[in-house]
Amino acid sequence: MTMINAYARGGSDSLSAEDEALIARRESVLGPAYRLFYRTPVHFVRGEGVWLFDPDGEAYLDVYNNVASVGHCHPHVVAALARQAAILNTHTRYLNEIVVAYAERLLAKFPAELANVMFACTGSEANDLAIRITKAFTGGTGFIVTEEAYHGVTEAVASLSPSLGHLVDLGVHVRTVPAPLASGGPQTGAVFAEGVRQAIADLRRHGIRPAALLVDTIFSSDGVHADPAGFLAPAAEAIRDAGGLFIADEVQAGFGRTGEAFWGFARHGVVPDLVTMGKPMGNGHPMAGVVLKPEIAERFGKKSRYFNTFGGNPVSSAVGIAVLDVIEDEGLQQNALAVGAHLKVGLESLARLYPAIGQVRGSGLFVGIDIEAGGLGADPADVAARVVNDLRDHKVLISATGPRANVLKIRPPLVFTAANADLFLERLESVLSGL
């Protein structure tokens, strides 16, 4: 999950004295582990729809934040949060209608086989819980992830997140497999599944019983790999043949973002054993969950109680319902499909004009763009970093990802329009022409 570090000063925008002071205060209290985006950090005080605003009222086009999935500060979501917060907020050990109603509403978005949900607050927590459940059900401890995967920050989940860097130990129970073929060719599924089978064999060779294959179904940190639809099915079959489970991490691809389906796994014609969710589930409110097959939940429940003080509370449930309302009422899955297609056409047109753009990949409003040296005699990662930072100077927000840190990651709020896409394309072309 490559991020552009802000602390190399420069760029066309300079920091105000107030922002310099705020950075100093931030470093003093938050410490060195935190990072800021961009060569010149950007300070926001307000958000609305696809826009973020700085203290001077300047608007920045958000082409990056999937957390605010239905748009920053959507009035329907804000009203639901405030209304329920003024009535009751407690935990799931008391009966409450809205908690059950949200669970029913959410599960209705899944295949019938996935009929239970367990709530948490973050995607990291959801993946951590999925690990516990999987171990209890399979008796195995071995997990398979992709080479640049990111699944969270708890100790257990960080060990399944190679993208955090070589200083974060993966442990003896983890095996990595190459990302799906960037070409998206017809052999993608077979090649990916063969990598999974080799990882299973290596786990067994070391006396480790396979527990699960865990993948982000849009492969965001691996550089965005969406096609061909269906390529995940052979890998899911391979792990199940080995006695393990298939876990779909939908923190990135879920809630209609791919346009073609409500969940990323649905594009591949598979029903996971467990699905983890976070970020866009609450449009910025901290919500997460694990949806799973009842027989898996039953075995876990016999071995362990589960309780999360804040996970699934009535306020969160009200927010979750409101997010589903907006996605449905405003047709945001269909919008992701239509605007995403429009955006890809524009990006492919730019690729024919500018050699710095390589392959364009993705589905709906989740797109990755390979940035190449383009005759500039520079490292592609450096070119990508320049594009990201120059776009920030043009008041457009994106980031970079992938094993070489050279894939532009585009995942705006789902209310992104064709006009927003055209503005982004216009400013991207301006940056590319300046290279």
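These legends describe close-up views of a predicted model.

**View 1. The second largest pocket and its lining.** This pocket holds about 340 Å³ of space. Its lining is made up of 21 residues. Closest to the pocket centre are T122, G123, S124, V251 and K279. By class, 11 of the lining residues are polar, seven are nonpolar and three are charged. Helix α4, residues 123-138, gives the most to the lining of this pocket. Its share is three residues.

**View 2. S124, a residue of helix α4.** S124 sits in helix α4 and is among the residues closest to the centre of the second largest pocket. Is S124 buried or exposed? S124 is buried, because its relative accessible area is 11%, and the cut-off for buried is under 20%. Leaving out residues up to four places away in sequence, S124 touches H151, G152, V153, T154 and V157. With V153 there is a polar contact as well: a polar atom of the S124 side chain lies 2.9 Å from the backbone nitrogen of V153. For scale, the C-alpha atoms of S124 and K302 are separated by 24 Å. Along the chain these two residues are 178 residues apart.

**View 3. Helix α3 and its buried face.** Helix α3 covers residues 97-107. Its buried residues are I98, V99, Y102, A103, L106 and L107. An α-helix has 3.6 residues a turn, so residues three or four places apart point the same way. The face turned away from the buried side carries the exposed residues E97 and E104.

View 4. What do the buried residues of α3 pack against? Their partners include two helices, α2 (75-85) and α9 (314-329). The strands β4 (116-120), β9 (274-277) and β10 (288-292) are also packing partners.

**View 5. The cis peptide bond at P228.** The peptide bond from D227 to P228 is cis. Its omega is near 0°. P228 lies in the loop between β7 (210-216) and α7 (233-241). P228 is also one of the residues in contact with H268, the subject of the next view.

**View 6. H268 and its contacts.** H268 belongs to the loop between β8 and β9. Its relative accessibility is 3%, so H268 counts as buried. Which residues is H268 in contact with, leaving aside neighbours within four places in sequence? The contacts are T217, A226, P228, A229, G230, F231, L232 and A233. The C-alpha atoms of H268 and C121 are separated by 27 Å. In sequence, H268 and C121 are 147 residues apart.

**View 7. F255, with a positive phi.** F255 is a residue other than glycine, and its phi is positive, near 65°. Where is F255 placed? F255 lies in the loop between β8 (245-249) and β9. H268 is also found in the loop between β8 and β9. F255 is buried, with a relative accessible area of 1%.

**View 8. A405, with a positive phi.** The phi of A405 is near 55°, a positive value in a residue other than glycine. A405 is in the loop between β14 (399-401) and β15 (407-410). A405 has a relative accessible area of 18% and is therefore buried, given that buried means under 20%.

**View 9. V29, an exposed residue of helix α1.** V29 lies in helix α1, which spans residues 17-30. Is V29 buried or exposed? V29 is exposed, because its relative accessible area is 67%, and exposed means over 50%. The C-alpha atoms of V29 and Y306 are separated by 34 Å. Along the chain, V29 and Y306 are 277 residues apart.

Conventions. Residues numbered from 1 in each chain as written. Predicted model: local features only at pLDDT ≥ 70, side-chain atom pairs only at ≥ 80, totals over all residues. Heavy atoms only, no water. 1 Å grid on protein atoms, 1.4 Å probe; cavity = no way out; pocket = protein on both sides within 12 Å on 5 of 7 lines; lining within 4 Å. Points joined across faces, edges and corners; volume = space filled by probe spheres on them. Helix = DSSP H or I, 4+ residues; strand = E, 2+ residues; numbered from the N terminus. Nonpolar A, V, L, I, M, F, W, Y, C, P; charged D, E, K, R; others polar. Buried < 20%, exposed > 50% of the residue type's maximum accessible area, 1.4 Å probe, protein only. Contact = heavy atoms within 4.5 Å. Polar contact = N/O pair within 3.5 Å; in protein donor to acceptor, adjacent residues only side chain to side chain.
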